[in-house]
Amino acid sequence: MEVESVAEHTWGCCLLALLFLGDDADKCVFADSNELQELGNYDLSNIISLLIVHDLGEINGGDVPKGEKTMEDERRELQCVRGERQEL
C-alpha cells in the first residue's frame, strides 16, 4: 500500500471541501434542506485555510495514527508546527 504524503492528503481534503461545500450553503451537495439550516453560513476560504494548515506538524515528523497518538506525540507535533523541532 502506498503511503499518502501530507501534501497529497491536504490537497485531497481541500478538493473534497470544494466539491462538497461549493461557494455557499445553497450549493452544498451533501445536505438536504434540514441539514442546510443546521449548517448555516460558512466561509469556504476559512475552511480551505484551516485544511491547508491542519497537518503542518506531520510534515517533518510523519503521521501517528489517531488511536496510537499520545500526549507526548501531540506535544512534539506542536513543537514542529512552531518551528521548535525539526523531527518528531
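Helices (H or I, at least four residues) and strands (E, at least two) are DSSP runs, numbered from the N terminus. The model is predicted, so local features need pLDDT of at least 70 and side-chain atom pairs count only at pLDDT 80 or more, while totals for chains, interfaces and linings use all residues. Residues are numbered from 1 along each chain as its sequence is written, and side-chain values use heavy atoms, with hydrogens and water left out.

The protein has five helices and zero strands, in the order α-α-α-α-α along the sequence. Of its 88 residues, 23% are buried (under 20% relative accessible area; exposed is over 50%, partly exposed in between; 1.4 Å probe, protein chains only).

Helix α3 contributes to the buried set with L44, I48 and L51. Seen down the axis of α3, these buried residues fall within an arc of 60°, so they line one face of the helix; the arc is that of the directions from the helix axis to the C-beta atoms. An α-helix has 3.6 residues a turn, so residues three or four places apart point the same way. The cover over the buried residues of α3 includes α1 (6–21), where contact means heavy atoms within 4.5 Å.

V53 also lies in helix α3, but V53 is partly exposed, with a relative accessible area of 43%. Among contacts between residues at least 6 apart in sequence, 44% join residues at least 24 apart.
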